[in-house]
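Please look over the sequence and the structure before reading on.

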Amino acid sequence: MNDPINPPLKTAFPPIVDQNCKVLLLGTMPGDRSLSLQQYYGHAGNHFWKLIYTLFEKPVEPDYEARKKFMLAHGIALWDVLESCTCEGSLDSNIKNEVVNDFAAFYKQYPAIKEIFFDSKKAEQFYLKHVKKSTDKNYHLLPSPSRANASKTFEQKLELWKELLPHVKL
């Protein structure tokens with residue numbers, strides 16, 4: 001049973017990354033459906049995977065492991081700004097008691113990453129609050145792929161997500 005007074009502690013996934021990645025896509029924290037599936041962007045209503053695959057003119061693969069390999073093959077790392085937080089439900093606006101991931105260690109381990117893309121304003125806000133920008137990286141804000149972001153159609157989101165293309169392996 002949900003307890004709005006003491007919302008559950010949520011813990012993010014490890015990054016999907018390798019030494020060839022030059023781009024880092026950052027969300028805030030996986031939603032409830034993603035956490036239950038143990039998959040980034042696991043909610044069927046989220047446009048993330050459809051956006052990524054459409055950028056490369058490929059059909060979305062149903063297998064999650066294949067999706068992870070697809071990201072890495074294109075030099076794209078995937079992670080969340082937050083390591084943990086309390087949150088009732090899946091909305092970023094409900095996040096409290098956030099603990100940020102260790103970006104200093106991450107960037108030291110993966111020095112080729114120079115392009116940082118936030119997939120929501122909230123991800124960018126948490127990053128700026130806890131991490132700050134570095135002069136050796138470029139930062140970009142994309143519209144949220146979440147179904148909660150109904151202010152943009154899929155096509156409008158896709159047009160803006162095309163900003164990724166000059167920075168990835170095609």
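How many bridges join strand S6 to S7? Strand S6 (residues 115–118) is joined to S7 by 4 bridges, and the two run parallel; helices (H or I, at least four residues) and strands (E, at least two) are DSSP runs numbered from the N terminus, and two strands count as paired if DSSP finds at least two bridges between them. The model is predicted, with local features requiring pLDDT of at least 70 and side-chain atom pairs counting only at pLDDT 80 or more, while totals for chains, interfaces and linings use all residues. Residues are numbered from 1 along each chain as its sequence is written, and side-chain values use heavy atoms, leaving out hydrogens and water.

S6 belongs to an open sheet of 4 strands in the order S3-S2-S6-S7, with parallel pairing. Because strand S3 (76–80) and strand S7 (138–141) stand at the edges with a single partner strand each, one side of each is left without a neighbour in the sheet. Strand S2 (residues 23–27) runs parallel to S6 and is joined to S6 by 4 bridges.

The table lists bridge partners.

| Residue | Partner and its strand |
|---|---|
| Leu26 | Phe118 in S6 |
| Phe118 | Leu141 in S7 |

In a regular strand, side chains alternate between the two faces of the sheet. Both faces of S6 are covered, with Glu115 and Phe117 on one side and Ile116 and Phe118 on the other, all buried (under 20% relative accessible area, with a 1.4 Å probe and protein chains only).

Notes
Buried means under 20% relative accessible area, exposed over 50%, partly exposed in between (1.4 Å probe, protein chains only).
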